[in-house]
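These are my notebook entries on one protein, written down in the order in which I looked things up.

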Amino acid sequence: MINEKLTKDAFQSQLRALLPGAKSGAEDIWADFARECVEMKQYVDFMEEPDETARSRWYDTLLAGFVLLKRDFGEDTATKICNLSLDNQCLYPYEMQRAGQDLYDGGNVNTIFRLMEEGRLESSPPSFPKLRDIAPQMLPEPAPEMPFQL
């Protein structure tokens, strides 16, 4: 369970900073994807929780997925996957690595779409990376505690 809440604005800002070459508007669609997942009762690690917390956890796992893509396959590949959102094709975090590998190996957007349609992007079992595990420096600062006053 994370104590830090990743807000929509923080998610979008960090995604832009991580992938500065991503097309304008891609980060908005990824944020909408997180919201839609929660609205459809899809939860990170399949654990139901309040909507605000669930959205924060989606932002966290999506951002962690992009950090892993950039680390493992380079910024260009991660940017291409980020830009898929502009074609209404957002990937779940457990699909990103396979898609990144395909692009890295010479595939293209069309091969990713085909793999998606065939259900061959998913890792088994589905995994949801966490910023605290792979990039703790990207977590928001905890809110300062208010001093106790009498």
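**Entry 1: a residue in a helix**

Is threonine 61 buried or exposed? I found that threonine 61 counts as buried, because its relative accessibility is 0%, and I note that buried means under 20% relative accessible area, exposed over 50%, and partly exposed in between, with a 1.4 Å probe and protein chains only. Before going on, I record that the model is predicted, that local features need pLDDT of at least 70 and side-chain atom pairs count only at pLDDT 80 or more, while totals for chains, interfaces and linings use all residues. Residues are numbered from 1 along each chain as its sequence is written, and side-chain values use heavy atoms, with hydrogens and water left out.

Threonine 61 sits in helix α3, where helices (H or I, at least four residues) and strands (E, at least two) are DSSP runs numbered from the N terminus. Leaving aside residues up to four places away in sequence, I see that threonine 61 touches Val44, Pro93, Phe128 and Pro129, a contact being heavy atoms within 4.5 Å. I also looked up threonine 61 against tyrosine 94, which is 33 residues apart from it along the chain, and their C-alpha atoms are separated by 9.5 Å.

**Entry 2: the whole chain**

I then counted the elements, and the protein has seven helices and zero strands, so that the order from the N terminus reads α-α-α-α-α-α-α. Of its 150 residues, 45% count as buried. When I take contacts between residues at least 6 apart in sequence, 71% of them join residues at least 24 apart. The accessible surface comes to about 8,400 Å², and 49% of it belongs to carbon and sulfur atoms; such areas come from the Shrake-Rupley method with a 1.4 Å probe, and for residues only the protein chains shown count as cover.

**Entry 3: how the helices pack**

Helix α1 (residues 8–18) packs on helix α2 (residues 26–39) at an angle of about 135 degrees, with the axes 9 Å apart. Axes here are lines fitted to C-alpha atoms, for helices over the stretch in contact, and angles run from 0 to 180 degrees between N-to-C directions. α1 and α2 are therefore oblique to each other, since angles under 35 degrees count as roughly parallel, over 145 as roughly antiparallel, 65 to 115 as roughly perpendicular and the rest as oblique. On the α1 side I list Lys8, Phe11, Gln12, Leu15 and Arg16, and on the α2 side Glu27, Asp28, Trp30, Ala31 and Asp32. These residues divide into four nonpolar, one polar and five charged, where Ala, Val, Leu, Ile, Met, Phe, Trp, Tyr, Cys and Pro count as nonpolar, Asp, Glu, Lys and Arg as charged, and the others, Gly among them, as polar.

Which residues of α2 does α3 meet? The axes of α2 and helix α3 (residues 51–73) come within 9 Å and cross at roughly 135 degrees, which makes α2 oblique to α3. From α2 the contact takes Trp30, Ala31, Phe33, Ala34, Arg35, Cys37 and Val38, and from α3 it takes Asp51, Ala54, Arg55, Trp58, Tyr59, Leu62 and Phe66. I sorted this contact into 11 nonpolar, no polar and three charged residues.

Glutamate 36 also belongs to helix α2, and it counts as partly exposed because its relative accessibility is 36%. Glutamate 36 and arginine 55 are 19 residues apart in sequence, and their C-alpha atoms are 9.1 Å apart in space.

For α3 and α4 I noted an angle of about 145 degrees and axes 7 Å apart. Here Phe66, Leu69, Lys70 and Phe73 of α3 meet Glu75, Thr77, Ala78, Ile81 and Cys82 of α4, and the residues divide into six nonpolar, one polar and two charged.

**Entry 4: two loop residues with positive phi**

Most residues other than glycine have a negative phi. Phenylalanine 46, in the loop between α2 and α3, has a positive phi near 60 degrees, and it counts as exposed because its relative accessibility is 59%. Asparagine 88 lies in the loop between α4 (75–83) and α5 (93–104), and its phi is positive too, about 55 degrees, although it is not a glycine. With a relative accessible area of 66%, asparagine 88 is exposed.
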